[in-house]
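Colleague: I am new to reading structures. Can we go through one together, feature by feature?
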Amino acid sequence: MVSQELYLTKVSKSTMIHVMPVTTKDIRFSGDKAGDRVRTDEEKAKIKDTYHRRIVQYLKEKGFKAKLADGEVSEGIVLKGNVRRFDHGSGAARFIVGMGAGASNMYTDFKVLDMANKKVIGDFEVIATSG
């Protein structure tokens, strides 16, 4: 779901994009592993440690100037994300039905901020599916 048309405000490939660590504030777990506190804590830690690094890598591969944000950012573009839901799906459904049944999904909300104008220039949701 994109709630704002991103193509209306183009980001130049020469503009620095500062990618903030993706947060898991108020994340809600569901599915067949949601009750495993050790596992969900490990998943939160992995999201916080790797998600933003992968975004920087992807943006660079697409020709954008991107780096990990360290502290407050006062210029360029800032990308902030928050994983709000992680559905582990159903291992039984994957095994019995297959074809995408019981898949895991991670829902992340992103905001794109233009620091020169102190405005949100885009917000969107990414749904990552596995299984």
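Colleague: How much space lies in the largest pocket?

Modeller: First, remember that this is a predicted model. The largest pocket holds about 810 Å³ of space. Its lining has 26 residues. Closest to the centre are Ile 55, Tyr 58, Leu 79, Phe 110 and Val 126.

Colleague: Which elements give two or more residues to that lining?

Modeller: Helix 1 (37-61), strand 4 (77-87), strand 5 (104-114) and strand 6 (119-130) do. Helix 1 gives the most, with nine residues.

Colleague: How do the lining residues divide into nonpolar, polar and charged?

Modeller: There are 19 nonpolar residues, two polar and five charged.

Colleague: Now the helix. What span does helix 1 reach from its first C-alpha to its last?

Modeller: Helix 1 has 25 residues and reaches 35 Å. That is close to the 36 Å expected at 1.5 Å a residue.

Colleague: Where is the kink in helix 1 centred?

Modeller: On Ile 47, with a kink of about 35°. Ile 47 is also one of the buried residues of helix 1.

Colleague: Which residues in helix 1 are buried?

Modeller: Start with the general idea. An α-helix has 3.6 residues a turn, so residues three or four places apart point the same way. Now the case here. Thr 40, Glu 43, Ile 47, Tyr 51, His 52, Ile 55, Val 56 and Leu 59 are buried. Take Ile 55: it is buried in helix 1, and it is among the residues closest to the centre of the largest pocket.

Colleague: What covers the buried residues of helix 1?

Modeller: The cover includes strand 1, strand 2, strand 3 (65-68), strand 4, strand 5 and strand 6.

Colleague: Is Asp 26 buried or exposed?

Modeller: Exposed means over 50% relative accessible area. Asp 26 is at 63%, so it counts as exposed.

Colleague: Where does Lys 118 lie?

Modeller: In the loop between strand 5 and strand 6. Lys 118 is not a glycine, yet it has a positive phi of about 55°. Its relative accessible area is 59%, so Lys 118 is exposed.

Colleague: What phi does Gly 63 take?

Modeller: A positive one, about 95°.

Notes
Residues are numbered from 1 along each chain as its sequence is written. This is a predicted model: local features need pLDDT of at least 70, side-chain atom pairs count only at pLDDT 80 or more; totals for chains, interfaces and linings use all residues. Side-chain values use heavy atoms; hydrogens and water are left out. On a 1 Å grid over the protein atoms alone, a cavity is a set of points where a 1.4 Å probe fits but cannot get out, and a pocket is an open set with protein on both sides within 12 Å along at least five of seven lines; lining residues have an atom within 4 Å of a point. Grid points are joined across faces, edges and corners, and a volume is the space filled by probe spheres set on the points. Helices (H or I, at least four residues) and strands (E, at least two) are DSSP runs, numbered from the N terminus. Ala, Val, Leu, Ile, Met, Phe, Trp, Tyr, Cys and Pro count as nonpolar, Asp, Glu, Lys and Arg as charged, and the others, Gly among them, as polar. Buried means under 20% relative accessible area, exposed over 50%, partly exposed in between (1.4 Å probe, protein chains only). The expected span of a helix is 1.5 Å times one less than its number of residues. The bend at a residue is the angle between axes fitted to the seven residues ending there and the seven starting there. Contact means heavy atoms within 4.5 Å.
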